[in-house]
Amino acid sequence: MNLEQIVALLGKSERNEAVQKMLSHYGIKQPLARPKQEKNPVTPIDLKDSHGIALIFGKVKNQAYCTDAYLEDELYFTSLFYFPTKQAVADGLALPAGVKVRSNLERQIEDLGEPILKTVKTETAGMYMWHCDSFNVAFDYSDIGNKINWIMYCIHPPLIDEVIEFINGYEHGTFGWFDLCEIEQIPREWNPDNAERLQEAGYSFLPLPDGSMVALLKTDSGPDAVVYIGSEGERWTIANSLEAFLILWSKGETGIDDLDDEECADGHEELAEWLKSKQIKAPAAADFDFQAWLDEKPEAKPATVAPVKQEPAKVMDSPEKGGLLKTVKQFATGLFGSKPRKSEPLAASDIIALLGKPINDPAVASLLREQFGTKSRPETDYENGQYFGWLYAPDKGFSLLFSDSEYRKGGDSALWGSGELCLNIAAFYVATQNSPTFQGKLPFGLDFSDSKATARRKMSPYEATRHSFITDTWDTEGFRVNIFYSDNYSSIKRVVCLLPEGAVVRKLPLTYPTVNQLLNALDKGVRDPLFTGLWREEDNEKIQKSVSEMSVSEDWSESVLLDESYGVDLYFNEEEQVWAIVLCGNRYFNSVDWEGELIQGLDFDDSPEMAFQKFQREPDEREDDMENSIGYATWRFPAFDVKIVYSHESNRIYRIALRSPYSEESENEASKDDESENEAVEDEAVEDESLYRVKFPNPFGYALPKESEVRKLQKRYGFSDGYAEFLMQHNGLDCYACKDFGQEEFFVPDASRDADDIGEDIRYLFSVNSGNEYSDLKGNLEDWKMLLPYFFPIGDDAGGNVFVEVLVGPLKGAIGNLDHGRLYSVDTLAELLEEEEDAELEDMTEEQMIELLTSEDLDLFWLHAPSMEVFVRDCIFAKGDSFGVIDYEQPDEGEAAPSGGKSATNPANDAPEKQD
């Protein structure tokens, strides 16, 4: 075969008949061996010695990269390496697309113009790439007289891939109102009669808020057309080519309100500039009628070649073969427009250097593309006051937080959300249950093996700024460094680098009450002069109005936050008396900070160590929550208590509470009152112990997810149709939100089961996109990924035990729960079995493994129901103020199984209450 024939096959599948003939021609066994590395998913075939070429096959990522039908994860022909002979160089051999073998770089540039990519080693050596026709061509020159080492032909990224990378490099809402720009399959449900044609010919790339989508569709002739697929069945052609669509979009003239919104005018201009820089113009194309295309009845297609059992082919598996494998790895991830991945672990300094830079900065965009993938962006919720979002790299040992620049700066809160999303925090940590240790170099020469003494020595140039307690914090040039240590301070667990947040601006000067005036106001009524005399008249009006609308119970109290004036949070009891005055530090609930006098000479900039010294004695109560990075300490005095809350990340005081004194006598009196009340409502308590069946649909799930999102999860993890239907119809259950157990709509008394049989408690059945870290399915799935592929986590109880669906074996589809105490001591299920069993695990089938994991001898798994449908219908009960599970009992022959009723779904997602 000649080069022209081989190049013509670029982009085609390994199942393509012409590709198979080419491989047979060169004696290559088929099908090809699978790539060994996920980071470099290519199979290189070395034919250099025999034919002067090398063939590179890569894994299919999505339909945009392929020119014909394919199967998931199959290989396709991505690039051809040609090693020209001396004679070919001397003759200036003509290559496909009019390219000639030019040993002189200057003449090559005269022929092909300026290269689109170059990696220069010296003035006369390096790799230079040009775009021509439907592929790219690259020449690699050496230092020896512009000698050509190799010539490579490779497919170049389709325009849609470049569009996705560009659009996702900007903040949400820049170009219109849609989720991430990403390639997804067109749902079969939209048009069942044409589902296969639609999925083969096109894909969605812009999901719109109402469930509609913009899709790219192959036509019988001419360029791919852009079509509208409406959530209510609407359909039309938006543009006859992707280029034409992008031009319309840049003008705000697509005919889609979510894309043409005038608020996105700046984004439209950005898009227009990008199109201009890429020299993108609309090609001549005939009008495409989407409806007519749907009405067609295409002829039946001949059967395609079925994949067969994989056998290894002759591959380049040694870097000694002319150094070609190293070259292949360099280009493997760059063939589609992405930069090559670094072979060395990313250094923390490379990330820290980007602190403060916006997310669309080229260096930041490159970091996100390389480390997180182009689809990854932090989730924010400006409407609900969340002006920041995290990005986690669980497989790399670090995470990033992005904040709105105006929010981080502080200043006027009216401007929050109008700035750019900028990198604010970078955290690097050692291995946890869900993540490996960060492999790059830490800043300032730090190492995870450093003790506290060693770390302090390395950070000694910044000793004057150190704030310490359980952790250490220093202010360096440009950012703050915080170190979390192991329990015995012998090593480092986490290094956090951050930009401190600025203070919220107070808009008017104030006169502050003294500490004595504040203490004298404790236990005073909301209209008592000793209390009202502390605040401005308008603040007193706000306080009195808010208190009159409060519903204060025995167990908790509400507060009034003077966040724009004094920076104080006031807590009241049911008699409308103030029992706690909380003085706010910087950014407490995004409030202005208290600038008045503080007790014991405290300062919000004090470290916990400094604060403890000022009290001159140990606190009466202290707790440090390293998971939430906060701690508190309480000192009790005869007439009042003082509670300070501090941050372990900044090692500074967060807030200071002056409170009514703790009284053991009053606690005992309250206990007696509780006993009297319990006796008075004994009959009611008996009624509360009755058993109620929880009916579905239930109003305590979350907003229903898209079916496409659930089906995507089901395809990936293999859970049952029953569980998929549960997510689409109910989307979980939040038992903490459930109230009024006796309501007939949601809970019905059930005397058929014994209330004493209620077993495992239950707090959540997980939900898709719940917004609650404890109930969110995807977050919990990440936490419990060690259970795959044998169990799928569907919920948990208050003790941390996880409810699961069995994924394989005779119990497939059954619902049970696993003992978390057994799981937390191991990293994998295989490790658990190795501790308990003598069997050779490597030789076991999945069925044998699941038989062991669910056996009574192992005592890990407890079976509740044969399926998700039965579990939801017959196993979840309320008893008193708690929820639990009663195992399903097979009804006797002829006896009908109990079933729950039906009601409308009304998702509830109560925000957590603010606590002192």
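This is a short tour of a predicted model, stop by stop.

**Before you start**

Residues are numbered from 1 along each chain as its sequence is written, and side-chain values use heavy atoms, with hydrogens and water left out. Because the model is predicted, local features need pLDDT of at least 70 and side-chain atom pairs count only at pLDDT 80 or more, while totals for chains, interfaces and linings use all residues.

**The whole protein**

Show everything. The protein has 29 helices and 35 strands. Both are DSSP runs numbered from the N terminus: helices are H or I with at least four residues, strands are E with at least two. Of the 916 residues, 50% are buried (under 20% relative accessible area; exposed is over 50%, partly exposed in between; 1.4 Å probe, protein chains only). Take the contacts between residues at least 6 apart in sequence: 57% of them join residues at least 24 apart. Contact means heavy atoms within 4.5 Å.

**Stop 1**

Select strand E12 (388–393) and strand E15 (467–468). The open sheet has seven strands, in the order E12-E13-E14-E18-E17-E16-E15, with antiparallel pairing. Two strands pair if DSSP finds at least two bridges between them.

E15 and E16 pair in the antiparallel sense over two bridges. His 467 stands opposite Thr 473 in E16.

**Stop 2: a helix across the sheet**

Select helix H14 (residues 362–371). H14 lies across E12 and strand E13 (398–404). Its angle to E13 is about 140°. Axes are lines fitted to C-alpha atoms, for helices over the stretch in contact, and angles run from 0 to 180 degrees between N-to-C directions.

**Stop 3: a helix pair**

Select helix H23 (residues 707–717) and helix H24 (residues 721–729). Their axes are 10 Å apart, at an angle of about 150°. That makes H23 roughly antiparallel to H24 (over 145 degrees; under 35 is roughly parallel, 65 to 115 roughly perpendicular, the rest oblique).

Show side chains here. Glu 707, Val 710, Arg 711 and Gln 714 in H23 meet Asp 721, Ala 724, Glu 725, Leu 727 and Met 728 in H24. The contact residues divide into four nonpolar, one polar and four charged. Ala, Val, Leu, Ile, Met, Phe, Trp, Tyr, Cys and Pro count as nonpolar, Asp, Glu, Lys and Arg as charged, and the others, Gly among them, as polar.

**Stop 4: Arg 763**

Select Arg 763, in the loop between strand E28 (747–749) and strand E29 (764–765). Is Arg 763 buried or exposed? Arg 763 is buried, with a relative accessible area of 17%. Arg 763 and Ser 882 are 119 residues apart along the chain, and their C-alpha atoms are separated by 8.7 Å.
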